[in-house]
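Subject: Structure for your files

Hello,

Please find the structure below.

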Amino acid sequence: MIVTRYWLQEFIDINDINDKKLCEGLNTIGLEVDKIDKITIPKGVVVGYVKDCKKHKSADKLWVCQVDIGDENLQIVCGAKNIAKDIYVAVATIGTKLSENFIIKNTTLRGENSSGMICSANEINLPKTNDGIMILDNSIGKLDIGAELQNYKLLNDTIIDIELTANRGDCMSIYGVARDLSVYLDIKHPCFDTTIKYTNKAVGQVLSIQDEKDIDANIVLSSVDVKSFKSKLLYDIRTSVANCYDKNIYKNIASYATHSVGVLYDMISEKLKQNKLGLSAIDIKKDKDGFDSIYSKEKITTIGINTNTPDISQIQKDEINIAVVSFYINPDTINKLVFEKKIKTDDIYYKSSRGSEPNLNFGTKYLHKILHTCGADIHSGLKKSNKNKPITILKIDINSINKIIGQDISKQTIIQLLENLQFIIKPLSETLFEMTVPYCRTDIKNIADITEEIVRMVGIDNIKSIPLKLSEQNRQNKTISKLDFFNTIRQKAISAGFYEQISFLFVQKSKALKYGFDTIDNKKELSNPISQELDTTRTTLLLNLLDGVKLNYNQGLNSVALFEIGEVYDKNRVQTNELSFVFSGYKDMPNIQNKSKPSKINISAFVQKISNIIGQFELIATSSIPNNLCHPYNCADIIVKNQKIGFLSELDLDVKNEFGIDDTYIACIKLDKLAKQKIVVKPYSKFQSVYRDLSIVTPKSMPYIDISNTIKNLNIKEIIKFNIIDLYTDKKLKTNESLTIRFLLQNQYKTMSENDILAIMQKILQQLEQKLELRIR
Amino acid sequence: MVDKWLENIKKCKSSTNLDDIRIKILGKNGELTNMFADMKNIPNENKKEFAKNLNEQKINITKAIEGRKISLIKQETKRKLKSSAIDVSKYNMPPDIGALHPITSTMNQIINYFTSLNYEVIDGPLIEDDFHNFEALNLPTYHPARDMQDTFYFNDNKLLRTHTSPVQIRTMLTQKPPIRMIAPGKVFRRDFDITHTPMFNQVEGLVVQDEGHISFANLKHTMQEFLINMFGDVDIRFRPSFFPFTEPSAEVDISCPFCQQKGCQICSKTGWLEVLGCGVVDQNVFEKVALKNCSGFAFGLGVERFAMLLHKIPDLRTLFQSDVRLLRQFR
């Protein structure tokens with residue numbers, strides 16, 4: 001909502017209030033100032049009078065003008081379509097600096113001298129209005145030839161952009177903002193002199209109005225003769241500043257009046273049907289959808305939904321009376337109906353849905369004054385629809401208001417503030433009051449709304465802050481435990497070298513399908529995605545992680561490790577939490593230690609990192625590859641306590657090429673299956689432990705899990721743990737390979753002798769020979 | 001003779017040589033040992049004196065040998081240390097760990113503040129229905145305030161929540177006051193430009209107690225304490241505002257810490273930065289969840305906004321791009 005200082009000044013006296021105080025006041029009462037700008041017309045631009053204007057001899061589109069600027073006459077060449085004789089214009093004289101790179105100089109255009117420039121509005125820091133030069137008139141003040149335009153304060157205004165909240169329909173006009181501001185500044189309520197001279201005709205001699213009993217809108221009808229109507233510069237500049245300028249001069253003037261006082265208008269100029277008495281007849285009745293509408297020969301407008309735009313060409317031909325319909329409709333009524341019927345609405349609905357100004361008498365007279373200033377003739381009298389506007393009366397206890405605020409505001413202050421806001425207050429008891437809400441405040445419905453008015457006018461800064469007394473209670477719950485658990489995992493992932501990623505919940509459906517992931521069932525799919533790339537909710541984090549890797553490769557990195565904890569969905573759109581990792585490229589930087597030959601990430605290093613983060617697990621080759629990102633062979637299920645909690649895989653070759661990335665490993669874990677381990681200490685021996693290695697020859701096709709299970713089945717208590725420490729192949733071994741397994745042996749009750757140890761190793765070897773036919777190397 | 005031995009010991013350069021010298025002097029056939037054997041040639045009255053003298057020498061020489069041994073070991077250690085010396089300035093190793101995402105760390109900071117004030121943390125589903133996301137929050141279907149939020153809908157009329165307020169509604173439907181909670185989490189709005197992303201993070205809070213116990217003054221206090229904790233010694237400004245679920249409502253600004261309120265690009269030259277919204281809970285909301293005789297306040301903030309202000313991150317969209325050049329700065 002744009003307001004300007006001198007426009008506000010037409011309604012309230014803010015001469016003594018500087019810009020800083022004005023902005024502070026607006027912010028304090030809840031009208032947030034977004035921007036403030038001062039228009040300054042450059043020095044050297046003066047009022048000129050075009051004494052003569054002839055077509056240029058050698059240029060079709062140029063005119064040679066003789067312009068009087070007071071102390072001299074200038075010849076100026078001008079190419080505007082609307083240049084004419086006997087008009088006042090804005091002349092930029094020689095030496096005027098219009099912008100950083102534009103200083104007016106003496107020039108010659110097609111052989112004719114030009115000693116200055118006749119300006120359009122936007123060439124001199126004003127907003128653009130028409131498509132030609134700016135024509136001055138007395139709306140900006142008395143036109144003194146040669147006077148600096150910089151001194152015309154109505155043009156050099158301060159513009160304030162206010163961000164209104166959706167409930168303040170009453171402030172969608174200069175008058176509305178002035179009204180609110182006047183209460184805060186404790187100055188006279190805004191007023192405007194709407195006195196004009198009327199014609200001898202009365203509206204009743206021109207128009208007749210018939211309104212059905214069941215219509216909701218309030219209507220005021222009047223009649224205007226626009227034969228001599230000509231728009232004025234100030235109104236064009238102001239509608240432009242307020243972003244509601246319209247080329248159609250009738251629409252523009254209605255726009256101006258609406259922005260000024262908040263009342264909505266329809267201007268009807270079409271040939272209307274004549275009734276028996278020879279009057280133009282207008283009917284107000286509900287259309288087939290139940291919307292109040294204006295009819296004559298046929299339907300003209302739906303009130304509050306669209307507006308009628310008078311046809312300029314038609315009006316200029318005949319002497320036609322325009323019927324001016326000022327209307328107001330309760331916002332709740334119109335909102336409910338629009339939602340129900342789902343009809344399309346025009347720009348005017350933005351205002352009618354939030355509640356326009358209900359004072360139609362004032363609004364109509366204001367528009368009359370403006371039209372009259374522009375040369376129109378107004379017929380006397382107003383025709384009104386007899387509609388009682390719904391009143392809101394509240395019974396409020398002052399003490400209850402203060403309880404909500406938390407501070408005792410005096411009864412006098414509260415009543416005075418409300419009366420200044422146009423409430424009617426009637427005491428019912430010492431503290432109970434009957435409060436009648438002003439019509440323009442359709443947003444005030446209960447005690448909370450009244451309290452808000454008091455709070456903002458007193459000023460929130462003037463309300464003390466008081467600590468709350470609370471009841472102590474155990475507020476630890478599963479959610480906070482879960483969040484703590486996630487944070488522990490995050491810290492471990494960070495220590496292992498992964499960066500945390502947070503990505504959108506959306507992926508591209510076609511991409512998810514391409515890489516073999518489930519997608520959401522169509523019945524439960526997103527109906528209004530924001531783009532093609534983000535057209536479904538994700539069923540995995542891995543695609544976003546790979547995108548993250550790709551982005552970093554594009555920046556020139558050759559080592560990227562990312563992880564994410566986030567929500568994913570299955571095809572029935574059930575939500576679960578997933579923890580996923582991706583490690584791509586080199587696993588460390590070149591440095592002195594590795595002699596500038598860092599190694600790429602490999603399965604060993606990747607698994608080590610994952611196990612450092614989520615704890616001990618086992619890997620079993622997957623029986624069915626989970627998706628197309630996975631290497632067809634080097635893909636494993638992650639098993640914890642005999643349950644599959646996720647998978648780990650080398651990235652498939654084709655995928656690597658498609659993403660343009662190097663050796664990459666991925667892991668995906670269902671977080672809901674990963675439990676926080678409660679640590680229970682197991683007894684451990686105080687006696688010495690010893691390592692023993694066993695090298696065996698095994699067929700390459702034998703999965704290690706068979707060997708480890710065979711050893712585990714021996715249930716030898718002294719085997720604390722065992723793991724592969726070397727893997728050896730050569731041509732002599734052919735289809736076999738040599739595995740070296742290191743055993744950590746320890747006895748709970750004594751230091752083992754060499755014989756004890758040998759016996760154990762023998763047992764192991766025997767078992768392997770018997771069950772799996774393996775031999776020592 | 002003794003002096004010559006002592007001198008040899010002193011000059012000895014290796015422990016093996018030292019051992020040789022020890023054997024030569026004190027060994028089975030050592031020179032000093034042999035001198036003991038000479039005792040039979042010494043007259044009886046001088047024997048005591050002679051033995052005493054020899055023993056003294058033996059002790060001196062043993063001491064000298066041990067001393068020299070220690071000295072040699074020390075020298076050897078010194079030599080070893082010197083030969084393994086490196087230019088430490090060549091070994092700058094920047095950390096190779098990863099980093100927590102700034103949204104996560106900011107979220108944690110906010111959650112920790114409120115849990116330390118005995119607030120409960122509650123979460124809820126990202127996919128919601130119209131009642132919990134709009135209607136229960138005093139936003140009837142035809143209300144123009146719905147314009148404020150562009151919503152993602154699913155084909156079965158469910159929607160992605162546009163704020164974490166539904167969690168507060170769900171809590172009020174199942175918990176009796178006193179309620180003291182925050183609801184952090186992802187929210188979604190159908191908007192994607194320089195200052196908006198289709199997904200972002202919020203933390204909303206709700207405190208409900210018996211009627212008359214909670215006032216706007218209490219809310220003011222809670223917000224002020226929280227913001228000073230997050231941003232340090234800043235000025236705080238409240239502006240009346242409008243939210244469908246609270247009345248009176250306010251938006252809260254902090255004085256711009258980047259330009260000390262002189263006006264800069266970050267604060268659009270106003271000297272103030274809007275950081276959160278809050279208000280006294282509207283009675284209509286209590287009615288929708290069938291809570292009687294209650295009073296409460298609620299507040300909400302955008303986590304990305306806080307993260308960007310705390311760390312001076314210039315572009316919102318970069319928070320969702322996983323660019324390591326940004327993420328590594330949070331190590």
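Arg239(B) forms a salt bridge with Glu32(A), and the closest N and O atoms of the pair are 3.1 Å apart. The model is a predicted one, and the distances and angles in this email are computed from it. Side chains of opposite charge can pair when their charged atoms come close. Between chain B and chain A the count is four salt bridges. There are also 39 residue pairs in polar contact across the interface of chain B and chain A, with both residues of a pair at pLDDT 80 or more. On the side of chain B that touches chain A, the residues divide into 42 nonpolar, 23 polar and 22 charged.

On the extent of that interface: the contact takes 87 residues from chain B and 87 residues from chain A. The size of an interface is often given as the accessible area lost when the parts come together. For chain B and chain A the buried area is about 7,400 Å², and carbon and sulfur atoms give 59% of it. Tyr142(B), Pro240(B) and Glu247(B) supply 9% of the area that chain B buries against chain A, more than any other three residues.

Glu247(B) comes up again in the backbone. A cis peptide bond joins Glu247(B) to Pro248(B), with omega at about 0 degrees. Pro248(B) sits in strand 7 of chain B, which covers residues 246–255. Another cis peptide bond joins Pro177(B) and Pro178(B), where omega is about 5 degrees. Pro178(B) lies in the loop between helix 7 (165–174) and strand 4 (179–188) of chain B.

Next, helix packing within chain B. The axes of helix 5 (residues 102–115) and helix 10 (residues 303–311) of chain B come within 9 Å and cross at roughly 100 degrees. Helix 5 of chain B and helix 10 of chain B are therefore roughly perpendicular to each other. From helix 5 of chain B, the contact is made by Pro102(B), Ile103(B), Thr106(B), Met107(B), Gln109(B) and Ile110(B). Helix 10 of chain B contributes Val303(B), Glu304(B), Phe306(B), Ala307(B), Leu310(B) and His311(B). By class, this contact of helix 5 with helix 10 of chain B has eight nonpolar, three polar and one charged residues.

What is the crossing angle for helix 1 and helix 4 of chain B? The axes of helix 1 (residues 2–11) and helix 4 (residues 44–83) of chain B cross at roughly 10 degrees and come within 9 Å. That makes helix 1 of chain B roughly parallel to helix 4 of chain B. The residues in contact are Val2(B), Trp5(B), Leu6(B), Ile9(B) and Lys10(B) of helix 1 of chain B, and Gln57(B), Ile61(B), Ala64(B), Ile65(B) and Arg68(B) of helix 4 of chain B. Sorted by class, the contact of helix 1 with helix 4 of chain B has seven nonpolar, one polar and two charged residues.

Over all chains the structure holds 53 salt bridges. One of them joins Arg441(A) and Glu453(A), with the closest N and O atoms 2.8 Å apart. Arg441(A) is in the loop between strand 26 (432–436) and helix 12 (447–458) of chain A, while Glu453(A) is in helix 12 of chain A, 12 residues apart from Arg441(A).

Two further items concern chain A. Arg110(A) has a positive phi of about 50 degrees although it is not a glycine. Arg110(A) is placed in the loop between strand 9 (107–109) and strand 10 (112–114) of chain A.

Gln210(A) is in strand 14 (residues 207–211) of chain A. Leaving aside its neighbours within four places in sequence, Gln210(A) is in contact with Ile282(A), Asp283(A) and Ile284(A). The C-alpha atoms of Gln210(A) and Asn462(A) are separated by 53 Å, the two residues being 252 residues apart along the chain.

Regards

Definitions and conventions. Residues are numbered from 1 along each chain as its sequence is written. Chains are lettered from A and ligands numbered from 1 in the order in which they are written. This is a predicted model: local features need pLDDT of at least 70, side-chain atom pairs count only at pLDDT 80 or more; totals for chains, interfaces and linings use all residues. Side-chain values use heavy atoms; hydrogens and water are left out. Axes are lines fitted to C-alpha atoms, for helices over the stretch in contact, and angles run from 0 to 180 degrees between N-to-C directions. Helices (H or I, at least four residues) and strands (E, at least two) are DSSP runs, numbered from the N terminus. Angles under 35 degrees count as roughly parallel, over 145 as roughly antiparallel, 65 to 115 as roughly perpendicular and the rest as oblique. Contact means heavy atoms within 4.5 Å. Ala, Val, Leu, Ile, Met, Phe, Trp, Tyr, Cys and Pro count as nonpolar, Asp, Glu, Lys and Arg as charged, and the others, Gly among them, as polar. Buried area is the accessible area (1.4 Å probe) that two parts lose on being put together, summed over both. A salt bridge is a side-chain nitrogen of Lys or Arg within 4 Å of a carboxyl oxygen of Asp or Glu. A polar contact is a pair of N or O atoms within 3.5 Å; within protein, one must be able to donate a hydrogen and the other to accept it, and residues adjacent in sequence count only if both atoms are side-chain atoms.
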